[in-house]
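Okay, everyone, thanks for coming.

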Amino acid sequence: SFSLQLKLLLEQIKFIEAQVSDVEEEIKVILAKINSVITTAPGIGEVIGATILGEIGEISRFSSPAKLVAYAGIDASVSQSGDYHSTNNKMSKRGSPHLRKALFQAALVASFSDPTFSAYYKKKRLEGKHHLTAVGAVARKLCYTIYAMLKNNVPYEVQPPFPN
C-alpha cells in the first residue's frame with residue numbers, strides 16, 4: 001500500500017542521513033589529525049575543505065598557483081584561430097570537476113561574507129560582469145589564496161580590500 005511505501009522511503013532517508021552524518025564526523029576527525037589550514041579560508045568548512053585537499057593532494061605537485069587554477073579548470077579557455085582571437089572567453093572546465101565545484105561553492109560564500117572577496121566580487125559586477133562570471137573570478141582569487149595558504153602552511157587572514 002501507499003502508506004507502507006512512504007514509511008519505507010522515510011526509513012531509507014533517515015538511514016542515508018545517518019550515513020552522511022557519520023561520514024561528516026569522520027571527515028572532521030581526519031581534518032583534525034592532519035591539522036590543515038584549509039578551513040580558515042572563507043566559505044570553506046570541513047566537507048569542502050576535505051574535497052579540496054583530496055582533489056589537490058600534495059600542493060607541491062603544483063609549481064605555481066596558475067597551474068592549480070588550470071587543474072581546477074577555472075582558468076579562461078583561449079579561443080583563437082589564425083588572426084582571430086575571441087573576446088568572449090569561457091571557463092575551460094578541464095581538470096577536476098570536484099575541485100571546481102568545491103571552489104565555486106566556497107567562492108559563492110566568500111563573495112558575500114569576506115570583505116576582501118566581497119570587494120573583488122563587487123568590482124567585477126561594476127565592470128559589468130554577470131553574477132556567475134564574478135563568482136568565477138572570486139573562485140580564481142580564492143584558489144590563489146588557498147595555494148599560498150597550503151604552500152606556506154599559514155591560516156587565512158582577512159586582507160584589507162584593495163584600493164579602488
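This is a predicted model: local features need pLDDT of at least 70, side-chain atom pairs count only at pLDDT 80 or more; totals for chains, interfaces and linings use all residues.

Now the overview. How many helices and strands does the chain have? The secondary structure comes to six helices and two strands. Reading from the N terminus, the order is α-α-α-β-β-α-α-α. The chain has 164 residues, and 32% of them count as buried. If you take the contacts with a separation of 6 or more, 58% of them are between residues 24 or more positions apart.

Back to where helix 1 stops. Just after it comes Asn 35, with a positive phi of about 50 degrees. Here's a bit of background: most residues other than glycine have a negative phi. Asn 35 has its positive value although it isn't a glycine. You'll find Asn 35 in the loop between helix 1 and helix 2. Is it buried or exposed? Asn 35 is exposed, because its relative accessible area is 61%, and the cut-off for exposed is over 50%.

In that loop between helix 1 and helix 2 we also have Val 37. Val 37 counts as buried because its relative accessible area is 10%, and buried means under 20%. Which residues does it touch, once we leave aside its neighbours within four places in sequence? Val 37 is in contact with Met 149, Leu 150, Asn 153, Val 154 and Pro 155. Take Pro 155 from that list: Val 37 and Pro 155 are 118 residues apart along the chain, yet their C-alpha atoms are separated by 5.0 Å.

Asn 153 is exposed, with a relative accessible area of 53%.

Some of these residues come back when we look at the second largest pocket. That pocket has a volume of about 240 Å³. Among the residues lining it are Asn 35, Val 37, Leu 150 and Asn 153, and the lining also includes Ile 34, Leu 53 and Glu 58. How do the lining residues divide? There are five nonpolar, four polar and one charged.

Let me pick out Arg 100 in helix 4. Its relative accessibility is 13%, so it counts as buried. A polar atom of the Arg 100 side chain lies 2.9 Å from the backbone oxygen of Ala 72.

Last stop, helix 5, residues 115-126. It has 12 residues and reaches 16 Å from its first C-alpha to its last, close to the 16 Å expected at 1.5 Å a residue. What caps its N-terminal end? That's Asp 114, with a side-chain oxygen 3.0 Å from the backbone nitrogen of Thr 116. Following helix 5 there's Gly 128, whose phi is positive, near 95 degrees.

In helix 5, the buried residues are Thr 116, Phe 117, Ser 118, Tyr 120, Tyr 121 and Lys 124. The buried residues of this helix pack against helix 4 (97-113) and helix 6 (131-152). Why is Lys 124 counted as buried? Because its relative accessibility is 15%, and the limit for buried is under 20%. Leaving aside its neighbours within four places in sequence, Lys 124 is in contact with Lys 129, Ala 134 and Ala 137.

That's the tour. Happy to go back to any part of it.

Technical notes. Residues are numbered from 1 along each chain as its sequence is written. Side-chain values use heavy atoms; hydrogens and water are left out. Helices (H or I, at least four residues) and strands (E, at least two) are DSSP runs, numbered from the N terminus. The expected span of a helix is 1.5 Å times one less than its number of residues. Buried means under 20% relative accessible area, exposed over 50%, partly exposed in between (1.4 Å probe, protein chains only). Contact means heavy atoms within 4.5 Å. A polar contact is a pair of N or O atoms within 3.5 Å; within protein, one must be able to donate a hydrogen and the other to accept it, and residues adjacent in sequence count only if both atoms are side-chain atoms. On a 1 Å grid over the protein atoms alone, a cavity is a set of points where a 1.4 Å probe fits but cannot get out, and a pocket is an open set with protein on both sides within 12 Å along at least five of seven lines; lining residues have an atom within 4 Å of a point. Grid points are joined across faces, edges and corners, and a volume is the space filled by probe spheres set on the points. Ala, Val, Leu, Ile, Met, Phe, Trp, Tyr, Cys and Pro count as nonpolar, Asp, Glu, Lys and Arg as charged, and the others, Gly among them, as polar.
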